Amino acid sequence: MSVAEFGGSGRGILLLHGLMSRASTWWTVAQWLKPYGRVVATDARGHGRNPQKGPYRTEDFVADAAAVIERLDLAPAVVIGHSMGGLHAWALAATRPDLVAGVVAEDVVPDNTGRTVDEWRWYFDSWPVFQSLAHVRSVVQVPRVEEMFEERADGWHLIADLDDLYEIAAEWGRRSYWDFVDAIRCPTLTIEAGRGGLRPGQMAEVARRTGGHHLVVPESGHVVHDEAPEVYRGAVEAFLSGSISPV
């Protein structure tokens with residue numbers, strides 16, 4: 001398991017990244033989180049510098065996150081996840097409530113059944129061989145995209161295998177995760193990107209079912225913590241200060 005220790009002390013704060021991303025992309029968020037606890041992020045299996053490949057069921061990612069919390073003595077931790085990481089945070093809180101003090105889930109929905117990777121696979125298949133980071137940025141317009149690529153002999157490549165990403169995402173179209181949401185008993189904050197394009201109404205429903213907070217950020221795309229950083233920070237700091245019991 002590849003773990004990034006960002007510093008801080010006290011309560012454990014575990015950061016879980018989204019599909020295609022990696023732990024290091026949380027660096028800026030981690031800087032203002034450090035006064036609230038010990039901030040740790042992980043490269044999920046199939047991502048970044050994590051040598052662990054599949055299997056790629058949600059339960060496997062959740063087991064990895066639980067193992068990090070236990071190994072680093074972070075429990076009960078606040079688990080903050082973006083997209084895929086938010087889904088894994090919900091599932092972790094549902095199945096290991098002893099390890100989780102609260103969940104922040106950013107732009108993720110529990111039910112994408114019926115959707116397939118073919119809806120967006122064409123985009124990745126259209127990528128050229130990237131000749132520089134500037135070339136990468138001109139095509140892949142994702143915040144902090146340079147941290148997700150590495151230079152090899154024949155150009156710049158994603159630090160993840162696309163076939164692995166397709167396998168991970170394919171599961172989301174085959175199952176609903178409302179059963180995990182309904183089992184959550186800790187405080188929750190759900191942050192929704194107004195321009196994220198996910199199925200409407202579900203994030204508000206997550207907040208309703210968990211008795212948590214829901215914030216829509218109208219001006220932001222999918223990566224709220226980078227596209228509307230001050231709004232995101234304010235919401236998370238208010239959550240940590242008002243909803244999470246001190247250790």
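Helix 2 makes the greatest contribution to the lining of the largest cavity, supplying three residues, where helices (H or I, at least four residues) and strands (E, at least two) are DSSP runs numbered from the N terminus. The model is a predicted one, in which local features need pLDDT of at least 70 and side-chain atom pairs count only at pLDDT 80 or more, whereas totals for chains, interfaces and linings use all residues. Residues are numbered from 1 along each chain as its sequence is written, and side-chain values use heavy atoms, with hydrogens and water left out.

One cavity of 30 Å³ or more is present in the structure, and the largest cavity has a volume of about 110 Å³. On a 1 Å grid over the protein atoms alone, a cavity is a set of points where a 1.4 Å probe fits but cannot get out, a pocket is an open set with protein on both sides within 12 Å along at least five of seven lines, and lining residues have an atom within 4 Å of a point. The lining of the largest cavity includes Met1, His17, Asp43, Arg45, Asp64 and His88, and strand 3 (38-43), helix 2 and helix 3 each give two or more residues to this lining.

The largest pocket has a volume of about 1200 Å³, a volume being the space filled by probe spheres set on grid points that are joined across faces, edges and corners. Of the 44 residues lining this pocket, Leu19, Ser83, Trp120, Leu198 and His222 are the closest to its centre. Helix 4 provides the largest share of the lining, five residues, while helix 3 (84-95), helix 4 (118-125), helix 6 (162-172) and helix 9 (224-227) each supply at least two.

The largest nonpolar core has 53 residues, of which Trp90, Leu92 and Phe149 touch the most other members; such a core is a set of buried Ala, Val, Leu, Ile, Met, Phe, Trp, Tyr and Cys residues joined through side-chain atoms within 4.5 Å, and buried denotes under 20% relative accessible area (1.4 Å probe, protein chains only). Among the elements that give two or more residues to this core are strand 2 (12-16), helix 2 (58-71), strand 4 (77-82) and helix 7 (178-183), but helix 3 gives the most, with eight residues. Apart from this core lies another, of 27 residues, among them Val29, Val39, Ala41 and Val217. With neighbours within four places in sequence set aside, Leu92 is in contact (heavy atoms within 4.5 Å) with residues including Val62, Ala65, Ile69, Val79 and Leu99.

Terms used
Buried < 20%, exposed > 50% of the residue type's maximum accessible area, 1.4 Å probe, protein only.
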